[in-house]
Amino acid sequence: QAGRVPELRSPTTHALTFSLSQVFEGKRRLPPGDTTADPRNAPKIKLLNVQTSSIGYDFEQAKEEGRTGWVTQSIQNSITSDLLRGFTFSVSHNLWDGPVGFDSTRFSPSLSSMSARFSLTGATIMNVLALFTGGQARPEPEQQDVQTQGDLLQPQGTGMGPPQGMDRTMNRMGSGPLMGSGFRASVTYDDQRSEPREIGGQIFEDPANRTLGLQFGFSPTENWSASWNTQYNITTKEFGQHILRLDRDLHRWRATFSFVKTPNGNFAFNFFVSLTDQPEIKFQYDQRNVNQGR
């Protein structure tokens, strides 16, 4: 009939997606001789948590000429554990040697990236031992980064942040390790890789970029804290930035000494004192060296 609107139907899709998640848990042992607590109520510890990203298969796509049903280009696996504070390990693989879902693309898994993170404190090792010996767990210190990476490195053509506003930069960095908190450290590892490229019939492959980040901090006395932050490029065998910092609690005043060296050779020294109750009352000294030759 004239003027009849045809009925629109969405194409039928049949797809399958699956992922994997495995969690292994344990309970702390009760102290020897403790008969007052119920073992069933003992706190649980996540020994190992393994997460695998999803993989998809499209049955309708597989019916098309020159196509396959696979729709997942890469897969990622991550592992976490409560045994080591802040521990995270993740690895990614590219599953194909080209765009996914085509007959001409071969299944060829290759490592694309890998990263690891963990932190250590004086209580970490004791807590791991307590888990297996039934000892009493010690509370971890308050979570606080030793340094905030890059806060002092705000490039403006020279690789150094502006001298003005340095006090705001120092405030964003936090106070480093807490006074009297003891030793703490953080370790990061990153491995980034790129796929081979074909140019003029030749295969070019860029080297992997591997970097190691280290952060250390400790409080030698109740009112002093010290920290060091650095990066090391394993690929080029060169150190990147260095950040050294000393904090002194002067009761109602706080003093901060910091030294920063950037990868291009520039460095900055900063001395900053402020009143705890009134941060606007402060004294600041900055010294910067800019290497124009690099």
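Which residue in strand 10 is the bridge partner of Gln-215? The model under discussion is predicted, and in it the bridge partner of Gln-215 in strand 10 is Asn-229. This pair belongs to the contact between strand 9 and strand 10 (residues 224-233), which run antiparallel and are joined by 9 bridges. The two strands form a hairpin, with 2 residues between them.

In strand 9, Gln-215 is the bridge partner of Ser-186. The strands concerned are strand 6 (residues 184-192) and strand 9 (residues 209-221), whose antiparallel pairing extends over 9 bridges.

The chain has 3 helices and 14 strands. An open sheet is formed by 12 strands, in the order 1-2-3-4-5-6-9-10-11-12-13-14, with antiparallel pairing. Strand 1 and strand 14 (282-289) are the edge strands, each pairing on one side only. On average, neighbouring strands of this sheet are turned by 10° against each other, direction ignored. In general, the strands of a sheet pair through backbone hydrogen bonds, in either a parallel or an antiparallel manner.

Further along the strand order, strand 11 (residues 238-250) and strand 12 (residues 253-261) are likewise paired in the antiparallel sense, over 9 bridges. Here the bridge partner of His-242 is Lys-261, in strand 12.

Lys-237 is located in the loop between strand 10 and strand 11; its phi is near 55°, a positive value in a residue other than glycine. Lys-237 has a relative accessible area of 63% and is therefore exposed. His-251 lies in the loop between strand 11 and strand 12. Although His-251 is not a glycine, its phi is positive, at about 65°. His-251 counts as exposed because its relative accessibility is 71%.

Is Ser-112, by contrast, buried or exposed? Ser-112 has a relative accessibility of 18% and so counts as buried, the cut-off for burial being under 20%. This serine is found in strand 5 (residues 107-121). Its contacts, leaving aside neighbours within four places in sequence, are with Ser-92, His-93, Asn-94, Asp-191, Gln-192 and Arg-193.

Leu-16 counts as partly exposed because its relative accessibility is 45%, a value between the 20% and 50% limits. Together with Phe-18 and Phe-59, Leu-16 makes a nonpolar surface patch of about 300 Å².

Values for the whole chain complete the description. Of its 294 residues, 30% count as buried. The chain exposes about 18600 Å², of which carbon and sulfur atoms supply 55%. Among contacts between residues at least 6 apart in sequence, 50% join residues at least 24 apart.

How values were computed
Residues numbered from 1 in each chain as written. Predicted model: local features only at pLDDT ≥ 70, side-chain atom pairs only at ≥ 80, totals over all residues. Heavy atoms only, no water. Patch = residues over 30% accessible without salt bridge, like charges linked within 9 Å, V, L, I, M, F, W, Y side chains within 5 Å. Areas by Shrake-Rupley, 256 points an atom, 1.4 Å probe, with all protein chains shown as cover. Salt bridge = Lys/Arg side-chain N within 4 Å of Asp/Glu carboxyl O. Buried < 20%, exposed > 50% of the residue type's maximum accessible area, 1.4 Å probe, protein only. Helix = DSSP H or I, 4+ residues; strand = E, 2+ residues; numbered from the N terminus. Contact = heavy atoms within 4.5 Å. Pairing = 2+ DSSP bridges. Axes fitted to C-alpha atoms, helices over the stretch in contact; angles between N-to-C directions.
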